[in-house]
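Subject: Structure for your review

Dear colleague,

Please find below the structure that I am handing over to you. My notes on it follow, and I would ask you to read them with the model open.

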Amino acid sequence: MILNTIRTYLFLFCLVFFVSAQAEQYPGFRVNGRFLYDYCGEKVILRGVSNPNIWFEQDGKPRMAEIEKTGANVVRIVWETRGKASMLDNAISNCRAENMIPMVEVHDATGDINKVQACVDYWTREDVASVLIKHEAYLLLNIANEPGDGNVKGSKFRTVYEAAILQIRGAGIHVPLVIDGTDWGKNINILQAEGPGLIEIDPDHNLIFSVHMWWPKMYGFSEKSIVSELQQSVDMELPLIVGEFSQMHGSCEESVITTNNSIAYKTIIAECEKLQVGYIAWSWFGNCNSLWDMTKSGTFNTLYDWGLEVAVDNENSIKNTSVRPYFMKNGVCDEKSGIDDHGTLKMNGFSSPINFPNPVKTETNINFSLSEAAMVKLTVSDPEGRIISTLINQKRDKGECNVLFDASKLSNGLYFYTLTVNGVEVTQKMIIMK
């Protein structure tokens, strides 16, 4: 038992090195801090709906065109591992054709965290992985819907998703990975507790966490719960979205909305807009309970009640707050976008630093650029966060900066370098492998 555990950790350790060495620039969307940015560096706040493709028209037609009328910038494409790669390709393509971001997810692990591995095996299967990589410039991957019940411990969640992240990255998939909370998606606390550690294990640092706010009074939730938990996530800089919510929660047979089963959806969308947190409503049409449907027949013209409010009428609705990235609409970057000539993200007047070579044998060059003169600090830290070298700590002129770092005296392992410009920090990984 002990020997098998050691072998498992050695495998994961080696895989971190391998994936880190192989990972290239983000091919599309990337997460920086708590926000999502597209290929061109434009910040994107997700606003959209879930569409259960796998249970109805798997290619998404004609519903994608109807959803587009709301102004949504994202559609969460509900899928299962039984779905053919060719049909998944069609569904993604049809979403993209309507200038919306496809977020694909599989439902197989709903309520059972032990089925997450089956979801990962599906995503990394050669024919499916090739579809994901084909669309990587504008794709989000929701690994598994609502993995596990309310009994899942943080250690189990962490172990399952560490392995999942590394396997997906090892398959060459570098899009943002979306991770749902446990307890059928409701558990935001496990995301807050384990999210930062999972970001560190991801060689790409490209994760989003998704809470499903099936939060009625009968489960002990209130409007104050929504406000306080979202604020807590923002305060800790967690890249969080509300991946599902509706007007009520209960069984397929319930036909009456009560004080106990209703969900404060207006508060959800108001707080998400206030805090710049993404939200995705559940769902467009086709539920076992019509009270969860936003439309009466899957068309824009049949939006009604809560669905009409969330999609169009409310001041914080999709229609009133959604912004589609320039790249999604035009296929190219806006000349005013936040990407520089080297394809790196610009932030507050500087580009995110990149080092080459990485992994490092003896020395490496750390490159970044400044759009104007600024106070700059560049440090290198060990895995415990101790600064082992300060390379810059002074005002630097506008332009390209190339700093040589001598790593010849360092032991093999994972290190971090942090660039601070006018008080704004960006941290990247560096591998020493001699």
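A charge is said to sit over a ring if NZ of Lys or CZ of Arg is within 6 Å of the ring centre and within 35 degrees of the ring normal. Please note that this is a predicted model. In it, the charged end of R96 sits over the ring of Y138, at 4.8 Å from the ring centre. The charged end of K186 is likewise placed over the ring of Y219, 5.1 Å from its centre.

Are F245 and Y279 buried or exposed? Both are buried.

F245 forms an edge-to-face pair with W306 as well, with 6.3 Å from centre to centre and 70 degrees between the planes. This pair, too, links distant parts of the chain, since W306 is in helix α10 (residues 305-313), 61 residues from F245. The relative accessible area of F245 is 0%, and that of W306 is 1%. Buried means under 20% relative accessible area, so F245 is buried and W306 is buried. Together, F245, Y265, Y279 and W306 form one aromatic cluster.

The largest nonpolar core has 81 residues, of which L88, Y161 and F245 touch the most other members. Helix α6 (residues 154-170) supplies the largest share of this core, 6 residues. Leaving aside residues up to four places away in sequence, L88 touches W79, V104, Y122, W123, V128, V131 and L132. There is also a second, separate core of 22 residues, with V360, C401, A407 and V421 among them.

Finally, there is a sheet to examine. Three strands form an open sheet in the order β1-β2-β3, with antiparallel pairing. Because β1 (30-32) and β3 (43-44) stand at the edges and each has a single partner strand, one side of each is left without a neighbour in the sheet. β1 pairs with β2 (residues 35-37) over 3 bridges, and V31 has L36 in β2 as its bridge partner.

Yours sincerely

Key. Residues are numbered from 1 along each chain as its sequence is written. This is a predicted model: local features need pLDDT of at least 70, side-chain atom pairs count only at pLDDT 80 or more; totals for chains, interfaces and linings use all residues. Side-chain values use heavy atoms; hydrogens and water are left out. Two strands pair if DSSP finds at least two bridges between them. Helices (H or I, at least four residues) and strands (E, at least two) are DSSP runs, numbered from the N terminus. A nonpolar core is a set of buried Ala, Val, Leu, Ile, Met, Phe, Trp, Tyr and Cys residues joined through side-chain atoms within 4.5 Å. Buried means under 20% relative accessible area, exposed over 50%, partly exposed in between (1.4 Å probe, protein chains only). Contact means heavy atoms within 4.5 Å. Rings of Phe, Tyr and Trp (its six-membered ring) pair if their centres lie within 6.5 Å; planes under 30 degrees apart count as stacked, over 60 as edge-to-face and the rest as tilted.
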